[in-house]
Amino acid sequence: MPATQAGAGAADASALLSVASAGALLRASGLPVTGVEVTYVRLKPGQSALVGYLVEGTGPNGEPVSVPGYVRVSTPARARELVSKWRRMRPTPSPLGEGVRLLDDDRSVLFLFPNDAALPGLRFASSMQKLKRILSQLEAVAPPGQNVRARGSFLTPVRYKPERRFIAAARLRIRGETTRQAEQRSVFLRFFPDARGATIARTAAALRSGRSPVPVPTPLGTAMEGRLFVEEAVAGEEIIPAVLDGRADALGVVEALRSLHVSHALLPARRSPRNLLASLEAGWAAIEWIHPGAAARVRPVIERLERTIPTGVRCRPIHGDLHLHQMLTGPHGPVFVDLERAAMGDPLQDLGGLVAHLLVLGDERPDERANVRAFQDEVTDAYLRHVPRRDREDLGFFVGVALLERALLPYRHGREDRKERAAGILALASSVLPTRPDRPKPRPGAEAPRSPSFFSRSDPRLPRLPGYRWEVFYPWRAALWPGYAENPQGAKAYGVYDRD
């Protein structure tokens, strides 16, 4: 890899994304590596790059092992300083040898789980032997007189994002000190580099304590200075299988979503449409560093979003990162999980994120597309009945933003087909955004034109009147199409169009 004193170069980061190059570097550095899988990518252009891996290799007794880990590349001086600091901290050994080591290029540092530069204490949060003492101190987990026992308890890692978070499911065996009677309890653990766990605990408590409780997991407490958050495990499955086979309860989802949005909870963070756009631009600028031209392809879509940015102020409790993986179907209906990005914001952001995931899912699963679209239609129809007519068209902005976020995921997950998959999602985003961004100026007193719905399509069978524009929200439907007609001054008349 070429070395520059200013920081990591684009070539450094690109080489880390290559399975062949990464594997060769690890083997040259003395690791018994047989295979490498890229799992996570985070870039700081011109400064550093972080690439997460699942490293497969040979253990000390010749047995095959798989260990999560990541490589951080920066300047040679910074890399040597980091390794020196960690050697003084006595990193935890791994089945592949040293837990932290400087690689052969003299500028990359390898961290093997549970060693993590920004998650101190991960070795405690990921070990049931150490975790039992921490969990036993939480009365909601183990009441007075009871303790979590390591024997009979099991910890299953669910997600590890280097330097960001560790999530695990745990099956706990809790036994009374005097009665010796034991019971089992299932919990979820979320571990962060800061006191984010305490914030999530307060958010969950606020959402559950209202007049109409929001269906979120029961918070059980925090530990390790608010960095470890413990919540009750939810019985059920992700909603995706039910959507694909047509079993999903769309009205139940809408009811749960509305209970969140009408909640009187006041959440600490706030998300605005401009915040979303700024985050998108930063994300694509980072990708541009190692994939020249990526940001240029996205720029026209972002410019269209900028012209349709909502101007109304709607500030309600929102999930903030809603998609199909964040909803479980429990015995009492849908449950929202992962409240890390919950905040005060526009409720249409949640609906937009959900619809964007459904659009991508339908695009990826053509055999189940009819079921996905039917669920999408029913959720959108039912939710928009409660949204003021003047605000409904803002949904297009939030769907477009969510699609551009989803187009970033193939890059952030290090997928080999990242360019092709991102291009497909970008094409989908372009197809659902307004087709005519330049709108006629309204005459004084006329209703100001707003961005057309993300479902808008031009259909040749719609009536043609000079100067008028017709938009329909659901052009794939066989029955009446809700939509509007817009006159040359930008004023709109809403109604339904019957193509027959």
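Here is a short chat about a predicted model of one chain.

Q: What does the secondary structure of the chain come to?
A: 14 helices and 18 strands. Keep in mind that this is a predicted model.

Q: And how much of the chain counts as buried?
A: 52% of its 500 residues.

Q: What about the accessible surface, how big is it?
A: About 22,800 Å². Carbon and sulfur atoms hold 51% of that.

Q: Contacts next. What share comes from residues 24 or more positions apart?
A: 63%, counting the contacts in the chain with a separation of 6 or more.

Q: Let's go local. Are β1 and β2 parallel or antiparallel?
A: Antiparallel. Strand β1 covers residues 33-44 and strand β2 covers 48-58. They pair over 10 bridges.

Q: Which residue of β2 stands opposite Glu37?
A: Leu54.

Q: How many residues sit between the strands in that hairpin?
A: 3. Gly46 in this hairpin has a positive phi, near 80 degrees.

Q: How do side chains run along a regular strand, in general?
A: They alternate between the two faces of the sheet.

Q: Switching topic: where is Arg107?
A: In the loop between β4 (100-102) and β5 (108-112).

Q: What lies 3.1 Å from a polar atom of its side chain?
A: The backbone oxygen of Ser74.

Technical notes:
Residues are numbered from 1 along each chain as its sequence is written. This is a predicted model: local features need pLDDT of at least 70, side-chain atom pairs count only at pLDDT 80 or more; totals for chains, interfaces and linings use all residues. Side-chain values use heavy atoms; hydrogens and water are left out. Helices (H or I, at least four residues) and strands (E, at least two) are DSSP runs, numbered from the N terminus. Buried means under 20% relative accessible area, exposed over 50%, partly exposed in between (1.4 Å probe, protein chains only). Contact means heavy atoms within 4.5 Å. Accessible areas come from the Shrake-Rupley method with a 1.4 Å probe; for residues, only the protein chains shown count as cover. Two strands pair if DSSP finds at least two bridges between them. A polar contact is a pair of N or O atoms within 3.5 Å; within protein, one must be able to donate a hydrogen and the other to accept it, and residues adjacent in sequence count only if both atoms are side-chain atoms.
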